[in-house]
Amino acid sequence: MPQQTAPRNPPQQPRVGLFVTCLVDLMRPSVGFAAAKLLQDAGCHVEVPAQTCCGQPAFNSGDRATAADLARAMIRAFSHLDYVVAPSGSCAGMVRRHYPELFADDPDLRGKANAFAEKTWELTSFLVDVMGVSDVNASFDGVATYHDSCAGLREMGVQAQPRKLLGSVRGLKLVEMEGSDVCCGFGGTFAVKYGEISNAIVSEKAARISESGAPMVLAGDLGCLMNMAGKLSRQNSATAVRHVAEVLAGMDDLPPIAAPAAPATGKPGAA
């Protein structure tokens, strides 16, 4: 699998642009707040520029023109920052692996696209490989298993890093499921185009999660997490599903993904 090369002399307090991602922004904003906390705790100056989609859905659907337009907007938005960090191996992989491809024949943008790709990292990889974090100073009393997302693993080389950080969480026991590196069946637009195949794949993943005996599954990509959570919910499974950033940041007070929201407290109409 490809592995990013960490810079030899990173700034002591790097300016990091948090690339929130569409799914985190719309479906699970707590992941973005958790990522920001982890980056700040690591000594980074964190900024969240106005941003849009990275262009991956358009790119994967063959609409290279729209993908390139979105990529240009991303490059402009984060141009002044030392690094771009995303709590998603999928979106980071789009930038890292495919932005250079989009502009390979554009002499004006090729260099900028390559430089932008080089400074883009997945969250746990950045914390471990660039910032040298080995202890996140968090606690979680429970057992979890971990799913390796396809893009994070195969495009960004993310596998050992989240496990290293989870190993520092006090009270957490991590157990490996069989086939942790096997696809969950999401694949972005794949799950829409090939629903029956996607369902068969996620059914296998749900079975592996259950066989692990862990009451919670973690991963670093919200698309994968939503897909697994949806299947487990339809199976009436009690397995909790969370983004790894929430546990690492100690921000696990919200209900798990796809779980019913906690009932509101206080009297109706109270100020």
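Guide: What follows goes through the domains, their sheets and then the contact between them. The model is a predicted one. The domain assignment divides the chain into domain 1, residues 15-129, and domain 2, residues 134-248. Taken over C-alpha atoms, the centres of domain 1 and domain 2 are 22 Å apart.

An open sheet of four strands runs in the order β2-β1-β3-β4, and the pairing is parallel. The edge positions belong to β2 (45-47) and β4 (120-122); each has a single partner strand, so one side of each is left without a neighbour in the sheet. From one strand to the next, the twist averages 35 degrees. Strand β3 (residues 83-86) pairs with β4 over three bridges, in the parallel sense. Val85 has Trp121 in β4 as its bridge partner. Helix α5 (residues 89-102) packs on this sheet, where it touches β3 and β4, and its direction makes about 155 degrees with that of β4.

The other sheet is also open and parallel, with four strands in the order β6-β5-β7-β8. Here β6 (170-174) and β8 (240-243) are at the edges; since each has a single partner strand, one side of each is left without a neighbour in the sheet. Neighbouring strands are turned by 35 degrees against each other on average, direction ignored. Strand β5 (residues 139-146) and strand β7 (residues 216-219) form a parallel pair over two bridges, and Tyr146 stands opposite Leu218 in β7. Helix α12 (residues 222-234) lies across β7 and β8, at about 175 degrees to β8.

Now the contact itself. Between them, domain 1 and domain 2 bury about 2,000 Å², and 66% of this area is on carbon and sulfur atoms. The count of salt bridges between the two domains is one: the side chains of Arg28 and Glu246 meet at 2.9 Å, N to O. Polar contacts between domain 1 and domain 2 come to nine residue pairs, with both residues at pLDDT 80 or more. On the side of domain 1 that touches domain 2, at least two residues each come from α1 (22-27), α2 (29-41), α3 (56-60), α5, β4 and α7 (123-130). The largest share of that side is supplied by α5, with eight residues.

Key:
Residues numbered from 1 in each chain as written. Predicted model: local features only at pLDDT ≥ 70, side-chain atom pairs only at ≥ 80, totals over all residues. Heavy atoms only, no water. Pairing = 2+ DSSP bridges. Axes fitted to C-alpha atoms, helices over the stretch in contact; angles between N-to-C directions. Contact = heavy atoms within 4.5 Å. Domains from an automatic or database assignment. Buried area = accessible area lost by both parts, 1.4 Å probe. Salt bridge = Lys/Arg side-chain N within 4 Å of Asp/Glu carboxyl O. Polar contact = N/O pair within 3.5 Å; in protein donor to acceptor, adjacent residues only side chain to side chain.
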